[in-house]
Amino acid sequence: MTQPHPLTLRARAEAEAARFPPLLARAEYLAGTVLLGEHGRRRAGQGDDFWQYRPVRQGDPVRMIDWRRSARGDMQFVREREWQIAQSVMLWVDQAASMRFASDPNLPEKADRARLLALAVAVLLVRGGERVGLTGTALPPRRGNAQLLRLAEMFSRDEDMDYGIPEARAMIPQARAMFVSDFLSDLLPVQAALTKAADRGVRGVLIQVLDPSEEAFPFQGRTIFQSMGGTLAHETLKAGDLRGRYLERLAERKAALADLCAATGWQYQCHHTDAAAQSALLWVWRALERGAGT
Amino acid sequence: MMIGPIGFAAPWLLLGLLALPILWIILRAVPPAPIRRRFPGVALLLGLKDDESVTDRTPWWLLLLRMLAVAAVIIGLAGPVLNPQADRQPGNGPVLIVMDGGWAGAQDWTGRAELADRMLAEAGREGRTAAILRLSAPEQAAFQSADLWRSRIAGMTPQPWTPTPDMVARAIDLLPDGGFETLWFTDGLAIDGRDDLLAALEARGTVRVFASGRSPVAMVPATYQEGVLQLAARRASGGPALDLTVAAHGLDPSRTPRVLANLPLQFEPDATEAMTQASLPSELRARITRFEIEGLRSTGAVALSDDSLSRREVALIAGREDREGLELLSPLHYLRQALAPNADLLEGELLDLLPANPDVIILADIATLSPSEEDALLDWTENGGLLLRFAGPRLAASEVSRTDEHPLMPVRLRAGGRTVGGAMSWGDPKTLAPFTEDSPFFGLPIPDDVTVTAQVMAQPDPTLADRVIAQLTDGTPLVTRKPVGQGHVVLMHVTANAEWSSLPLSGLFVRMLERLAVSSVGQGLVGEDLEGTSWQPVTVLDGFGRVQDAQTLPGVDGAALLSAPLGPDLRPGLYDGNDRRIARNTISADTVLSPATWPARIPVEGLSRPAETPLAGYLLAAALGLLLADVIASLALSGRLIGARAAVILLVALSALPRDAVADDAFAIAATSELRLGHIVTGDARLDDMAQAGLRGLSETLFFRTSVEPGAPMAVNLETDEIGLFPFLYWPITPEQPTPSVEAYEKLNRYLRSGGMILFDTRDADVAGFGAASPNGRKLQQLAAPLDIPALEPIPEDHVITRTFYLLQDFPGRHTARDVWVEAAPADAERIEGMPFRNLNDGVTPVVIGGNDWAAAWAMDERGNALFPVGRGFGGERQRELAFRFGVNLVMHVLTGNYKSDQVHVPALLDRLGQ
């Protein structure tokens with residue numbers, strides 16, 4: 001492909017830029033529906049809020065002693081603050097071709113829903129003071145609203161490959177992660193990524209975004225099914241007969257993902273594009289909080 | 001090969017139909033083409049095997065559809081022809097086409113000519129020679145190549161007469177020698193001498209007769225009886241009822257030919273004559289030149305009208321009306337009797353009658369006239385009037401025209417006149433001498449019993465001989481005539497009553513008056529009335545009934561004019577002679593049209609024959625249609641027609657429902673399911689789009705900044721839509737927009753009274769306060785005049801709109817004019833202690849009027865980008881921001897009313913609560 005002309009670059013850039021404010025705005029709006037609850041760590045640590053006084057123990061530096069409290073009695077106390085260390089949350093959103101599928105013009109593409117969810121989660125996290133970034137090295141977790149713009153920009157990039165492979169490199173230990181994909185491709189990379197994450201102590205959520213037609217398989221007659229990128233094809237003479245076995249396999253896939261998550265300490269949820277994004281967001285938010293509590 | 005009425009050009013191709021069962025089997029074996037479907041879940045399908053190796057079978061009806069399509073193609077290619085003409089055994093020998101060729105055939109002339117052409121074509125294909133013999137114009141018919149005759153047939157036209165026995169006899173003489181087949185195209189009317197011709201033809205070969213199904217119709221000349229026009233038409237044979245329209249053609253006052261009247265004429269079933277009456281004003285009647293049956297092209301369908309329909313106005317003036325009781329002696333009695341049937345009579349004083357401009361003035365025994373009367377009469381005569389004077393005792397006794405010729409007398413008179421054959425005189429009463437050739441009376445038979453006993457005598461003059469048009473046997477003038485200007489003066493040397501002669505008692509008197517054009521031609525005109533006259537054709541009719549100029553056609557003898565059979569020498573038409581016009585029509589009042597009957601041995605065929613219709617095209621088209629249906633059916637079967645099918649079903653369902661109710665409900669549901677801002681449709685598409693975009697921008701802004709979350713704005717049509725569903729309407733003003741109807745104003749007033757708000761935007765920046773200074777302002781005044789709008793004032797600094805959401809003092813849109821008008825505050829509003837604003841409670845201003853073009857400043861596309869530039873640079877962005885804030889404040893004001901205004905009472909309320 002020829003190099004795009006510099007003169008057209010700006011026009012294209014503006015056209016691109018005009019695309020993600022709505023995504024960001026919708027994500028902000030979606031995020032606005034979730035009220036931020038407590039997000040302290042419920043344990044002593046670095047932070048601003050008072051947590052508890054505790055007697056001085058061996059090894060506490062002298063300057064940690066809270067003299068005002070200690071002056072009330074004979075014991076010396078240390079003022080502990082609630083641990084409010086900012087959490088890093090790493091997102092991976094499947095940008096592959098298989099996500100750009102919508103069975104009905106009235107339904108959003110799976111990619112659209114996935115990005116919206118991920119960005120809304122990012123908005124919430126940034127508001128909560130967390131650091132958000134992408135898995136891999138492209139966009140390491142940072143805080144601040146500018147990071148949202150960068151995320152939105154990253155999310156507006158499509159990838160050409162047919163099925164996405166979870167990016168599990170450069171995982172920050174003990175961080176949180178959120179993988180959004182349809183997980184219809186080979187399960188091995190997912191397994192590898194999750195195992196690797198678990199090795200590093202990364203917990204997270206796995207959102208499987210599916211189109212309703214992928215759940216229902218409403219096809220009949222002689223059909224050649226092709227993947228979105230066209231690399232895979234399957235011809236059948238009677239699509240209707242395949243339905244039962246397809247659904248079986250799908251259920252197997254879901255069960256495998258759930259098992260995998262249970263084994264690695266992740267949480268799994270399946271979301272359909274015809275359902276409200278808000279319910280999925282709420283679940284993700286609760287799941288991330290739950291993950292934070294453990 | 002024939003199957004029923006269908007023949008096949010290539011019947012062997014039909015064997016292809018045997019292949020259909022094989023095709024059936026093949027089609028069943030081949031599965032339908034697969035659908036290619038993008039589906040990410042294919043990854044899960046990989047490796048799955050089909051249970052059965054057999055595909056879904058093509059349904060039997062789809063197979064049948066395809067079979068039918070293939071069958072249609074095969075049959076279509078086999079060249080099917082409906083009604084093939086090849087059923088007749090080809091004849092041999094020459095063909096003679098005999099045509100009656102009279103006017104009666106003109107109605108179906110096209111059909112005749114086409115059929116004859118086809119026959120000739122057939123004969124040409126079979127290599128037979130042909131000839132055409134027209135009975136109406138018999139000519140030597142030589143057998144020549146059929147193509148040669150074909151080229152001549154287009155030039156043949158029907159003749160405006162029917163074949164006479166003479167013509168038939170001549171045709172028999174002209175028959176070619178040798179044997180031939182005869183095709184006789186009859187007109188449908190009986191012909192004298194037909195049987196002889198038929199016998200002669202049958203002697204030469206077979207005879208086939210072609211006749212039209214339509215009976216010839218002819219128009220009887222219109223007559224005028226008892227004050228109404230009598231119209232009649234005849235047809236040769238009875239049949240079903242027939243409605244005709246007779247058009248009376250004539251000249252309108254500007255001498256333009258046009259249809260003066262349309263009269264219906266109906267043949268009852270089985271009736272051969274149809275009659276109707278028409279009452280037309282005499283002025284109109286006199287202008288009618290011909291009656292024509294609409295839609296029939298033949299000479300018979302046209303009846304020319306002559307003078308018989310126009311009645312002359314004759315003024316009768318007698319000097320001596322004082323003799324009571326002696327009616328038979330009245331000088332006018334016989335004139336009245338003679339003229340009344342055919343002329344309109346006027347009686348009275350001469351000077352009273354002259355302004356009516358009669359055609360003829362008859363002075364019965366009036367000798368002297370006053371000078372003024374004389375001058376007037378002379379003028380009238382010179383302008384074409386006919387002055388007819390009768391002698392009498394007074395004239396004989398007077399000195400008029402005694403020494404000098406009086407201008408109103410044709411001759412000089414001798415004193416006293418003479419009396420012959422009376423008791424006191426010698427000699428016998430004189431009789432009339434035969435009329436000379438140059439006399440207008442030439443040809444009239446003279447009854448023996450007409451005698452003259454007294455007369456006035458003309459002085460011998462050099463001019464006398466020229467002026468005498470009738471004389472007695474002794475050579476004394478009886479009638480003299482002299483031209484005066486364009487008119488004539490005629491003197492009858494006898495009285496108008498029977499005192500001096502028995503002439504007024506005879507029929508000759510009436511005919512003489514007719515010849516003098518005193519009275520118009522009566523109905524009972526017979527040949528001898530016209531004996532000895534010569535008539536020049538003016539217009540003649542052709543066979544199709546078209547009126548043509550007679551040009552150089554020779555004149556016709558009067559005796560033959562009315563009775564001789566029509567022919568090349570006497571064509572139907574209008575004939576002119578001696579100041580009168582006589583129409584000779586195709587049929588006369590007593591002609592009977594008799595239909596032609598043929599012996600049973602002669603086959604009579606119709607003109608129209610079922611045309612050869614190749615069916616291949618239809619079959620191939622049907623095959624195409626079937627294949628199209630197959631495409632749709634296949635699509636539907638494979639599930640690719642879902643959208644289209646749904647659309648069709650939806651369309652049908654929608655069209656079945658009452659449309660208005662659906663639309664109204666849909667509109668109301670859309671308007672009320674969410675809060676929506678509305679804008680009035682102005683009819684200017686660009687402006688409406690801008691208002692829509694502006695309200696979209698405002699709605700987005702409200703959505704993000706406030707708890708007001710409006711849906712997409714809607715366009716509101718004042719005439720059809722319910723506006724009470726909208727809390728806020730934006731009404732951009734354009735000079736071109738239509739003024740709403742009364743009902744729409746009622747709606748608007750109801751809306752304003754019940755708490756709605758309209759933002760009027762003149763979009764012209766500067767003149768919001770000054771009314772008519774701009775077209776938009778004028779239009780606003782005009783639009784708002786019928787509205788129930790309270791007193792207005794520019795937004796005061798403490799108006800609640802300045803603080804409903806944002807604190808504002810400017811209300812810019814794309815323009816920054818300060819003058820924005822709202823409902824005026826009550827005069828007794830007082831400033832509240834400790835507050836920077838007055839105590840202004842209650843109510844939302846029903847209108848906000850400004851000209852800042854807010855919609856343009858608010859306008860956003862779907863992605864939230866501004867559509868119109870505002871101001872310059874960043875200052876402009878600030879202005880846009882203020883415009884949005886104004887919009888937010890405005891909507892907040894609409895939705896919360898005086899809530900913010902009531903906030904001034906908060907301290908007082910808190911104070912009271914505290915106690």
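Start by selecting β7 and β8 of chain A: these two strands run antiparallel and are joined by 4 bridges. You are looking at a predicted model, so treat this as a tour of a prediction.

Next, click on I224(A). Which residue stands opposite I224(A) in β8(A)? Look across and you will find E235(A).

Now show the three strands together. They form an open sheet with mixed pairing, in the order β8(A)-β7(A)-β3(B). Which strands stand at the edges? They are β8 of chain A and β3 of chain B; each has a single partner strand, so one side of each is left without a neighbour in the sheet.

Time to step back and select the whole contact between the chains. Chain A brings 34 residues to it, and chain B brings 26 residues. On the chain A side, colour α1 (6-32), β7 (223-226), β8 (233-236) and α7 (239-264), the elements that each give two or more residues to the side touching chain B. Which of them gives the most? That is α7(A), with 7 residues.

For a last stop, colour this side of chain A by residue class: you will find 16 nonpolar, 9 polar and 9 charged residues where chain A touches chain B.

Technical notes: Residues are numbered from 1 along each chain as its sequence is written. Chains are lettered from A and ligands numbered from 1 in the order in which they are written. This is a predicted model: local features need pLDDT of at least 70, side-chain atom pairs count only at pLDDT 80 or more; totals for chains, interfaces and linings use all residues. Two residues are in contact if their C-beta atoms, placed from the backbone, lie within 7 Å. Ala, Val, Leu, Ile, Met, Phe, Trp, Tyr, Cys and Pro count as nonpolar, Asp, Glu, Lys and Arg as charged, and the others, Gly among them, as polar. Two strands pair if DSSP finds at least two bridges between them.
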